[in-house]
Amino acid sequence: MQGKDKLFSQPITQLGEFRFDDQVAEVFPDMIQRSVPGYSNIVSTIGHLTEQFHQADTKLYDLGCSLGAATLAMRRGVKHNNVEIVAVDNSPAMLERCQKHLDAFRGSVPVTLICDDICDVDISNASVVVLNFTLQFIAQEQRLALIKKIYNGMVKGGLLIVSEKFHFAEPTTQSLISELHLDFKRANGYSELEISQKRSSLDNVLVPDTIEQHKQRFKEAGFSASELWFQCFNFGSLVAIK
C-alpha cells in the first residue's frame with residue numbers, strides 16, 4: 001500500500017535540497033498525483049506513443065524512470081519483436097521499488113534497470129526515448145548535450161517524449177498559471193505550509209524551461225519536428241521526431 005505524502009506537513013527547521021531518497025520513494029505515487037496535473041494522462045499516452053513509434057530490433061529508454069510508471073506503459077505498448085527497454089535512475093531507493101512494480105506486472109518485454117546518471121549512460125539503437133519529468137532536474141548547461149546524445153543514439157523515425165514543468169517568459173502569464181497550479185495542490189489537500197516548504201526545497205533543484213526553449217533545443221540537436229501535445233497549467237509534454 002502506497003504511503004501518503006506528509007513529508008512537508010510539519011515545520012522543518014533546516015530545509016535541505018529535495019532528494020529522491022527512501023522517504024520520497026515511499027510516498028512518490030501520492031506526491032506526483034497530487035502535484036502534477038495530467039500525470040495519468042501523460043503516462044497512458046506514453047504507452048500509446050510507444051505502440052505507434054517503436055520499431056522491431058531496437059531499444060526503448062526511460063531516462064529518470066523513478067518507480068517505473070512510464071516503463072510499464074512502454075512495455076504494454078510494445079508489439080514488435082526483439083525489443084528491449086532500458087530504464088535508468090540515479091536513486092537506488094526508486095529503482096528498488098521500480099523492480100518490485102515490474103515484477104508485479106509481468107510482461108514478455110525484457111527490462112534492464114540501470115542505476116546511473118542519465119548524462120553518463122550510452123544511448124544506442126533507440127526508437128523511443130522518454131524523459132518524463134526528468135530534464136528539469138538536469139543542470140541547464142548540460143541539457144542540450146543530453147538531448148544531442150539522445151538524438152545521435154536514435155534510429156531514423158525515432159520518437160523522443162519530454163514531459164516537464166514549464167516556465168513562462170511573460171510575468172503576468174507566469175503568475176496566473178502558477179496560481180492555478182497552487183489551487184490544484186490546495187484542492188488535493190496540501191496545506192500552505194506543505195506548499196511553501198516543498199517549493200523552498202525544490203528551489204535550484206528543479207529549474208524549468210519555457211516551451212520555446214525546449215523546441216529550440218530539439219531543433220539544435222537535429223530533430224526534424226517537435227510539438228507540444230499536452231498541457232495542463234504549467235505542466236505538459238512534448239514530442240520530437242528524428
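Predicted model: local features only at pLDDT ≥ 70, side-chain atom pairs only at ≥ 80, totals over all residues.
At what angle do α2 and α3 pack, and how far apart are their axes?

For α2 and α3, the angle is about 35 degrees and the axes lie 7 Å apart. The crossing of this pair is right-handed. On the α2 side, the contact is made by Tyr-39, Val-43, Ile-46, Gly-47, Thr-50 and Glu-51. On the α3 side, the residues are Ala-69, Ala-70, Ala-73, Met-74 and Gly-77. Sorted by class, this contact of α2 with α3 has seven nonpolar residues, three polar and one charged.

Let us stay with α3, which spans residues 69-77. How many of its nine residues are buried? The count is seven, and the helix is mostly covered. The buried residues are Ala-70, Thr-71, Leu-72, Ala-73, Met-74, Arg-75 and Gly-77. They pack against several elements of the fold: the helices α2 (39-53) and α4 (92-104), and the strands β1 (59-63), β2 (84-89), β3 (111-115) and β4 (126-132).

Leaving aside neighbours within four places in sequence, Ala-73 is in contact with Val-43 and Gly-47.

Helix α5 covers residues 140-152, and α8 covers residues 211-221. They pack at an angle of about 50 degrees, with axes 9 Å apart. The two helices are therefore oblique to each other. Their crossing is right-handed. From α5, the contact involves Arg-143, Leu-144, Ile-147, Lys-148 and Tyr-151; from α8, it involves Arg-217, Phe-218, Glu-220 and Ala-221. The residues of this contact divide into five nonpolar and four charged, with no polar ones.

Next, a loop residue. Where is Asp-209 placed? Asp-209 lies in the loop between α7 (192-202) and α8. Is Asp-209 buried or exposed? Its relative accessibility is 1%, so Asp-209 counts as buried. Its side chain takes part in two polar contacts that I would like to show: one of 3.2 Å with the side chain of Gln-140, and one of 2.9 Å with the side chain of Arg-217. Not counting residues up to four places away in sequence, Asp-209 touches Gln-140, Arg-143, Lys-165, Phe-166, His-167, His-214 and Arg-217. Among these, Arg-143 and Arg-217 also belong to the contact of α5 with α8.

Finally, I draw attention to Lys-185, which is in helix α6 (residues 171-187). This lysine has a relative accessibility of 12% and so counts as buried. Lys-185 and Gln-33 are 152 residues apart in sequence, yet the distance between their C-alpha atoms is 9.7 Å.

Key:
Residues numbered from 1 in each chain as written. Heavy atoms only, no water. Helix = DSSP H or I, 4+ residues; strand = E, 2+ residues; numbered from the N terminus. Buried < 20%, exposed > 50% of the residue type's maximum accessible area, 1.4 Å probe, protein only. Polar contact = N/O pair within 3.5 Å; in protein donor to acceptor, adjacent residues only side chain to side chain. Contact = heavy atoms within 4.5 Å. Axes fitted to C-alpha atoms, helices over the stretch in contact; angles between N-to-C directions. Parallel < 35°, antiparallel > 145°, perpendicular 65-115°, else oblique. Left-handed = near helix turned anticlockwise from the far one by under 90°. Nonpolar A, V, L, I, M, F, W, Y, C, P; charged D, E, K, R; others polar.
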